Amino acid sequence: MARDTVRCALVGLGYWGPNVARNLADLPDAELGFLCDRDTDSLQRLARRYPQARTSTEFADVLKDGSIDAVFVATPPVSHFELTMAALGSGRHVFVEKPLTTSSAEAERLIDLAERQRCTLMVDHIFVYSPAVAAIREVIGKGDLGQALYYDSTRINLGIFQRDVNVVWDLAIHDMAIMDHLFGRTPTALTAIGRAHLQGQRENLAYLTFFYADNFIAHVHVNWLAPVKIRRTLIGGTQRMVIYDDLDLEERVRVVDKGAAIASSAEAAYDLRVNYRSGDIWAPRIGATEALHNATAHFIDCIRKSGRPTTGGSEGLRVVKLLEAADRSLAAGGRPIEL
């Protein structure tokens with residue numbers, strides 16, 4: 001049975017929180033009823049924009065408000081577990097920024113508690129809800145790609161250096177979530193090499209390779225210390241290839257009918273040559289809605305209709321396990337980690 005308007009609290013008003021607030025305010029089935037942050041300047045700034053919401057610097061005040069149905073956690077990753085655990089324990093549904101937690105053990109505890117409390121737990125793997133990734137998934141689902149061969153991503157920019165996670169947890173997590181959503185399978189092993197170039201900081205550059213049971217392979221390059229911002233992914237298949245450039249406002253996704261195959265010579269059984277194919281290039285229609293709008297709307301809809309989120313606790317846990325494995329490989333100088 002559908003619920004009435006979902007009354008929401010937003011905890012964390014720093015970099016991402018204001019974007020969450022803006023999208024929540026636009027949803028007809030949601031109401032932004034509480035704002036919480038220890039930074040009084042951030043709290044006052046957003047309170048002026050949303051005067052209907054109660055405010056507090058203490059999370060305990062959010063939990064004491066019996067009118068709150070759901071909590072949006074947009075705080076640094078190290079605090080995700082504690083805040084989400086408390087919110088779920090009080091019977092609230094929770095939408096938590098990526099990563100779900102900073103350890104798989106913590107993620108498993110959250111999943112168990114959400115199930116026992118019959119609460120919706122959703123992690124904001126934001127690119128899963130982008131119209132561009134939805135278009136790519138449709139291309140793959142229709143078989144236009146053929147058999148997937150590789151995923152090759154570059155996700156680099158100058159900053160923002162995070163205090164409690166490295167560049168893998170900040171940027172490569174997006175590709176891990178996208179691959180999980182597009183291909184629906186877990187790699188058998190991964191390797192990660194990286195470096196911290198600023199004293200006292202975590203790794204700002206990393207190269208990750210993911211190995212799968214078949215011939216599929218994935219490579220991800222992430223960097224906080226690059227002179228340009230690049231968000232480009234190539235996905236190769238036996239029939240077609242996909243170019244996904246998230247910074248291209250005109251054609252974020254292009255499907256390219258190009259490829260290569262080995263053809264045997266009719267004159268000699270051992271004379272093998274490569275045949276190249278070059279055909280049409282087309283751009284699928286990409287929806288105009290913001291990914292965060294789609295994510296927040298999906299979360300509210302799951303609460304109202306008792307549905308299961310596309311990126312629920314299980315998906316969040318799978319990604320956290322990959323992140324942990326990447327950290328182990330980084331610490332071991334790139335040693336392969338079996339999954």
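## Strand β8 and L190

L190 lies in strand β8, residues 189-195 (strands, E, of at least two residues and helices, H or I, of at least four are DSSP runs numbered from the N terminus). The model is predicted, with local features needing pLDDT of at least 70 and side-chain atom pairs counting only at pLDDT 80 or more, while totals for chains, interfaces and linings use all residues. Residues are numbered from 1 along each chain as its sequence is written, and side-chain values use heavy atoms, without hydrogens and water.

L190 counts as buried because its relative accessibility is 0% (buried is under 20% relative accessible area, with a 1.4 Å probe and protein chains only). Beyond neighbours within four places in sequence, the contacts of L190 include F210, L322, A326 and I337 (contact means heavy atoms within 4.5 Å).

## Nonpolar core

The largest nonpolar core has 99 residues, of which L10, V168, M176 and L208 touch the most other members (such a core is a set of buried Ala, Val, Leu, Ile, Met, Phe, Trp, Tyr and Cys residues joined through side-chain atoms within 4.5 Å). Helix α7, residues 167-183, gives the most to this core, namely 12 residues.

With neighbours within four places in sequence left aside, M176 is in contact with V168, L208, F210, V319, L322, L323 and A326.

Of the 20 residues lining the second largest pocket, C119, T120, L121, G307 and P309 are the closest to its centre (a pocket is an open set of points on a 1 Å grid over the protein atoms alone, where a 1.4 Å probe fits, with protein on both sides within 12 Å along at least five of seven lines; lining residues have an atom within 4 Å of a point). Helices α5 (104-117), α8 (291-305) and α9 (313-331) each supply at least two lining residues.

Definitions and conventions
Buried < 20%, exposed > 50% of the residue type's maximum accessible area, 1.4 Å probe, protein only.
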